[in-house]
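Have a look at the model first.

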Amino acid sequence: MITLKGKSALVTGSGRGIGKEIAAKFAKAGADICVSDIDLATAQETAQEIAKEYGVKTIALAANVAKEEDVNELVKKFVEEFGKIDILVNNAGITKDGLVIDMKESDWDAVIDVNLKSAFLCTKAATRYMLKARSGRVINIASISGQIGLPGQANYSASKAGMIGLTKAVAKEVAKRSVTVNAIAPGFIRTAMTDKLSPEVVKGYEDAIPMRVLGLPEDIANSALFLASDLAGYITGQVIAVNGGLAM
Ligand code: NAP
């Protein structure tokens with residue numbers, strides 16, 4: 001069984017959806033957890049739920065990860081609370097879909113800031129501690145959209161492709177100190193993000209996915225658990241696609 005006993009993990013955007021599942025999966029493996037979300041009440045509720053279920057230490061911190069002051073404060077408080085940071089999962093993300101010819105500059109900026117700039121800011125703040133400790137794991141939640149490009153998602157595809165580039169560049173910078181940086185590229189996963197899609201669109205994706213079903217948050221959390229664990233110590237700069245075969 002994979003264990004994360006003695007480890008502390010910060011998962012951004014973990015009040016709900018994939019992030020919540022990753023936080024719960026890490027807690028089940030014994031890690032202490034910071035549930036961070038833009039909304040404090042959601043983070044607190046999830047942190048309490050996870051602590052009750054798995055008996056690990058959890059804290060809830062609010063942060064808008066697109067803002068440098070928020071991120072620096074978040075990582076500072078995390079380290080004050082846990083004394084170190086072993087695992088960072090850059091999970092917070094949003095969509096603001098539309099054809100590029102109609103896309104507002106503000107929708108472009110919001111998606112790039114929340115999905116990509118946040119990963120830069122959190123990675124910068126957290127790897128300072130990881131480099132000193134000569135150990136750490138950064139896991140970036142990218143997307144199939146960043147690998148193959150999806151129409152109506154120019155901003156989102158660009159942010160997630162950027163995240164993959166960020167993953168590889170930082171992986172090379174920090175590898176010597178035993179800090180690994182990897183990405184997971186989910187396909188279509190059942191969360192609030194995909195609940196926004198019409199049934200026809202979902203049916204279209206199901207027909208296109210070789211496994212014929214959308215994935216579940218747990219499918220992503222399982223890969224994150226592996227990457228966070230000692231089993232993945234020699235894996236860095238990689239992108240693990242978890243998509244039912246939709247892109248190979
Ligand atoms: P979700 O259900 O919408 O959850 C996203 C979480 O991020 C929410 O808790 C949200 O908080 C939080 N968040 C949003 N903006 C934030 C900000 N500025 N600062 C901090 N937290 C913020 O989405 P999900 O489906 O779980 O997606 C999680 C990650 O997986 C995202 O990076 C997404 O791009 C990626 N992904 C998802 C899919 C999919 O099919 N679902 C596929 C590929 C990749 P509020 O709810 O309070 O706004």
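This is a predicted model: local features need pLDDT of at least 70, side-chain atom pairs count only at pLDDT 80 or more; totals for chains, interfaces and linings use all residues.

Residues are numbered from 1 along each chain as its sequence is written, and side-chain values use heavy atoms, with hydrogens and water left out.

**Fold and overall dimensions**

- The protein chain has nine helices and seven strands, taken as DSSP runs (H or I over at least four residues for helices, E over at least two for strands) and numbered from the N terminus.
- With a radius of gyration of 17 Å, close to the 18 Å from the globule rule for 248 residues, the chain is as compact as a globular protein of that length; the radius is taken over C-alpha atoms, and the rule is 2.2 Å times the number of residues to the power 0.38.
- Along the principal axes, the C-alpha atoms fill a box of roughly 45 × 40 × 35 Å.

**Packing, surface and charge**

- Of the 248 residues, 50% count as buried (under 20% relative accessible area, with exposed meaning over 50% and partly exposed in between; 1.4 Å probe, protein chains only).
- Among contacts (heavy atoms within 4.5 Å) with a separation of 6 or more, 74% come from residues 24 or more positions apart.
- The accessible surface is about 11900 Å², and carbon and sulfur atoms own 53% of that; the areas come from the Shrake-Rupley method with a 1.4 Å probe.
- There are 29 positive and 28 negative charges, and their mean positions sit 7 Å apart (Lys and Arg versus Asp and Glu, with His and the chain ends not counted; placed at NZ of Lys, CZ of Arg, CG of Asp or CD of Glu).

**Aromatic pairs**

- The count comes to two aromatic pairs, where rings of Phe, Tyr and Trp (its six-membered ring) pair if their centres lie within 6.5 Å, and planes under 30 degrees apart are stacked, over 60 edge-to-face and the rest tilted.
- F78 and F82 make a tilted pair, at 4.7 Å centre to centre and 50 degrees between the planes.
- Those two sit four residues apart in helix α3 (residues 68-82), about one helical turn; F78 is buried at 0% relative accessible area, and F82 is buried at 14%.
- F188 and Y205 have ring centres 3.7 Å apart and planes at 20 degrees, so this pair is stacked.
- F188 lies in the loop between β6 (179-186) and α7 (192-195) and Y205 in helix α8 (residues 199-208), so the pair ties together parts 17 residues apart in sequence.
- F188 counts as buried at 11% relative accessibility, while Y205 is partly exposed at 24%.
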